[in-house]
Amino acid sequence: MSTARDRFTYLDANATEPLRPQALAAMAAAAEVVGNPSSVHRAGRAARALLETAREDMATTFGVQPDNCIFTSGGTEANVLAMTGQAQGRRILVGATEHDAVRRAAAAEIVSVMSDGVIDRMMLERLLAVPGAAPALVCIMLANNETGVINPVREIADLCHAHGALLHVDAVQAAGRISFDMAALGADSIAVSGHKFGGPKGAGAVLLAGERFRALVPMLAGGGQEQGRRGGTPALPAIAGMAAAARVAVAEIPHQATRLGALRDGIERAARTVGAVVCGAASSRLANTTCLLLPGRQAQTQLIALDMAGYGVSAGSACSSGKVTRSHVLEAMGLGAEAGCAIRVSLPWSVAEADVEGFIAAYTAMAARLPAASGVGA
């Protein structure tokens, strides 16, 4: 007989989405293909055909030329490859709320954000216009992984290009959740990761702008795969699964944005009644994401209480080796010590209304039960 303690509801989609059945089917089919895509015999050609079909699907989904889709092991590698591969002779400017995969990729100047989490375009313009400075590579995320805040990337791209800068966009959290393509963004490169939109872990891509093949300095030369831009035998089942998931996720965006946005808004209304603050609420945000700050209650204490109640959420990024630390994103937004009192709820594509209703009950009960303490989060 199952109990409430046995039941578990997963509400941490920004860490990783549940695998979509279409992705699983594509992975299983690809796993049956024995050849190496670099081999010239018929088994190799069959594997190559599958790889190139996935490449064409990804290119069509995100509006790039197939030759300018480079497969990687995930979002971190995609971001680092795009940055290091385009940075020659350029200084690097990075937004203050970027993911650690970008913040730690190279020595960079930091561009601050406003209190609503959106990049400070006036500061960016000042940095781009420094007299005598080398041209820049600017790295700005499309949607923040902790707050869901969406940056006005088209405007940022126009500003960058007016100053001779390149713009790389981390679209890992945005892909499959908001509609975009390379032309609409105006970016020079974007990074995506399959498991963030219902594909498998272990596959991502760098997507480059332009009608013609664009060179990129490789991090891994290897055997010259990916047209010399990323060496190593491609993870064919993971890539096939990613492409299948991307097709489905993008097709579902209009429906899911409405559905998940309504569920998220219900969570936020309930959270505000017990004193929570919604971080980034004044900005456009991903429909599935809310960052709830409960003053005086440590994030780790909240996570444990909710986990015991059967709900899996997080405190910011899941890429910190299991650590719960104060969010650099919320600190950059000016929240100071209270940044340690926030949790992230990110609704997966498969969430049901009953799951959200149960979470609301658990969250409001937790907020009533946990005593507020002064100085918490410091």
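Arg 285 sits in the loop between strand 9 (277-278) and strand 10. The model is predicted. It divides into domain 1 (9-18 + 253-369) and domain 2 (21-248).

**Around Arg 285**

- Arg 285 has a relative accessibility of 14%. Buried means under 20%, so Arg 285 counts as buried.
- Not counting residues up to four places away in sequence, Arg 285 touches Thr 147, Gly 148, Val 149 and Ile 150, among others.
- Its contacts also include Val 278, Cys 279, Gly 280 and Thr 290.
- Two further contacts of Arg 285 are Arg 264 and Glu 268. Arg 264 and Glu 268 form a salt bridge with each other, with the closest N and O atoms 3.8 Å apart.
- Arg 264 and Glu 268 are four residues apart in helix 8 (residues 236-273), so about one helical turn separates them.
- Arg 264 is buried, at 11% relative accessibility. Glu 268 is buried too, at 3%.

- The C-alpha centres of domain 1 and domain 2 are 26 Å apart.
- Domain 1 brings 28 residues to the contact, and domain 2 brings 32 residues.
- The two domains bury about 2,400 Å² between them. Carbon and sulfur atoms account for 55% of that area.
- Ile 253, Leu 286 and His 328 supply 26% of the area that domain 1 buries against domain 2.
- Strand 10 and helix 10 (328-332) each give at least two residues to the side of domain 1 that touches domain 2.
- Helix 10 gives the largest share of that side, four residues.

**The salt bridge between the domains**

- How many salt bridges are counted between domain 1 and domain 2? The count is one.
- Arg 177 and Glu 17 form a salt bridge, with their closest N and O atoms 3.1 Å apart.

**Other salt bridges**

- The structure holds 16 salt bridges.
- Arg 121 and Glu 155 form one of them, with the closest N and O atoms 2.1 Å apart.
- Arg 121 belongs to helix 5 (residues 121-128) and Glu 155 to helix 6 (residues 153-162), so the pair ties together parts that are 34 residues apart in sequence.
- Are these two residues buried or partly exposed? Arg 121 is partly exposed, with a relative accessible area of 33%. Glu 155 is also partly exposed, at 45%.
- Salt bridges also link Arg 48, Glu 52, Arg 55 and Glu 226 in a network.

**Strand 12, enclosed**

- Why is strand 12 (residues 342-346) largely enclosed by the rest of the structure? Five of its five residues are buried, so the strand counts as largely enclosed.
- Both faces are covered. Ala 342, Arg 344 and Ser 346 are buried on one side. Ile 343 and Val 345 are buried on the other.
- Strand 12 runs antiparallel to strand 10 (residues 289-293), and five bridges join the two.
- Thr 290 stands opposite Val 345 in strand 12. Thr 290 is also one of the residues that Arg 285 touches.

**Strand 7, enclosed**

- Strand 7 (residues 189-193) has five of its five residues buried, so the rest of the structure largely encloses this strand.
- Ser 189, Ala 191 and Ser 193 are buried on one side of strand 7. Ile 190 and Val 192 are buried on the other.
- Strand 6 pairs with strand 7 in the parallel sense, over three bridges. Asp 170 has Ala 191 in strand 7 as its bridge partner.
- Strand 8 (residues 204-208) runs antiparallel to strand 7, joined by five bridges. Ser 189 stands opposite Leu 208 in strand 8.

Conventions
Residues numbered from 1 in each chain as written. Predicted model: local features only at pLDDT ≥ 70, side-chain atom pairs only at ≥ 80, totals over all residues. Heavy atoms only, no water. Buried < 20%, exposed > 50% of the residue type's maximum accessible area, 1.4 Å probe, protein only. Pairing = 2+ DSSP bridges. Domains from an automatic or database assignment. Contact = heavy atoms within 4.5 Å. Buried area = accessible area lost by both parts, 1.4 Å probe. Salt bridge = Lys/Arg side-chain N within 4 Å of Asp/Glu carboxyl O.
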